[in-house]
Amino acid sequence: MNNQRNGVKRRQPKELNIQIGERCRRARELSGYTQEQLAERISVSTQFLSDAERGVTGMSVSTIIRLCDVLSISTDFLLLGRDDSAGPENALSAFSRIQKLSPKQQKIMEEFINLVIQSFHLST
C-alpha cells in the first residue's frame, strides 16, 4: 500500500480520511474560511489542514473537536456524514456562527438580515 516517490515512502489515503477531509473542506468553504484562516483558528499548520482535507492524514480527537467548534458543525456530520441541519439546533448553529464573527462582520450580518426581513415584508 505504500508508494515510493523520490525515495520517500508515501501512504495511500484511507477512504475514511478522504471522506472526513471532503466534509471538512466543504464545511470550511461554506463557513467562508480559507485554509490559512481555519488552520490558525484550530492551531494547526496550513499544510496539515491541506493534508487532512485531501485525506492524506487523519486528525486527532482534539483537532476534530476544535474544528467542529470553529465551523459550528457536529462531529456526527464530520465523522459520519450525518446531516444534522433538519433539527431545531440549525437555527442555533446559525446564531452561534454569527457570534463567532468579528464585530464588523456581525454588523454586516445584522444589516443583511434586516434587508432580507424588509424584503419579506414588501413581498407580502
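In the predicted model, the side chains of Glu-53 and Gln-35 are joined by a polar contact of 2.7 Å. Glu-53 belongs to helix α3, which spans residues 46-53. The relative accessible area of Glu-53 is 7%, and Glu-53 is therefore classed as buried, the cut-off being under 20%. When residues up to four places away in sequence are not counted, Glu-53 touches Gln-35 as well as Gly-21, Glu-22, Cys-24, Arg-25 and Arg-28.

Several of these neighbours also take part in the packing of helix α1 against α3, including Gly-21 and Arg-28. Two packed helices are described by the angle between their axes and the distance between the axes. For α1 (residues 15-31) and α3, the axes come within 7 Å and cross at roughly 120°. On the α1 side, the residues in contact are Asn-17, Gly-21, Glu-22, Cys-24, Arg-25 and Arg-28, and they meet Leu-49, Ala-52 and Glu-53 of α3. Sorted by class, this contact consists of four charged, three nonpolar and two polar residues.

The protein as a whole contains two strands and seven helices. Their order from the N terminus is β-β-α-α-α-α-α-α-α. Of the 124 residues in the protein, 25% are buried, Glu-53 being one of the buried residues. Among contacts with a separation of 6 or more, 50% are between residues 24 or more positions apart.

Conventions
Residues are numbered from 1 along each chain as its sequence is written. This is a predicted model: local features need pLDDT of at least 70, side-chain atom pairs count only at pLDDT 80 or more; totals for chains, interfaces and linings use all residues. Side-chain values use heavy atoms; hydrogens and water are left out. Helices (H or I, at least four residues) and strands (E, at least two) are DSSP runs, numbered from the N terminus. Buried means under 20% relative accessible area, exposed over 50%, partly exposed in between (1.4 Å probe, protein chains only). A polar contact is a pair of N or O atoms within 3.5 Å; within protein, one must be able to donate a hydrogen and the other to accept it, and residues adjacent in sequence count only if both atoms are side-chain atoms. Contact means heavy atoms within 4.5 Å. Axes are lines fitted to C-alpha atoms, for helices over the stretch in contact, and angles run from 0 to 180 degrees between N-to-C directions. Ala, Val, Leu, Ile, Met, Phe, Trp, Tyr, Cys and Pro count as nonpolar, Asp, Glu, Lys and Arg as charged, and the others, Gly among them, as polar.
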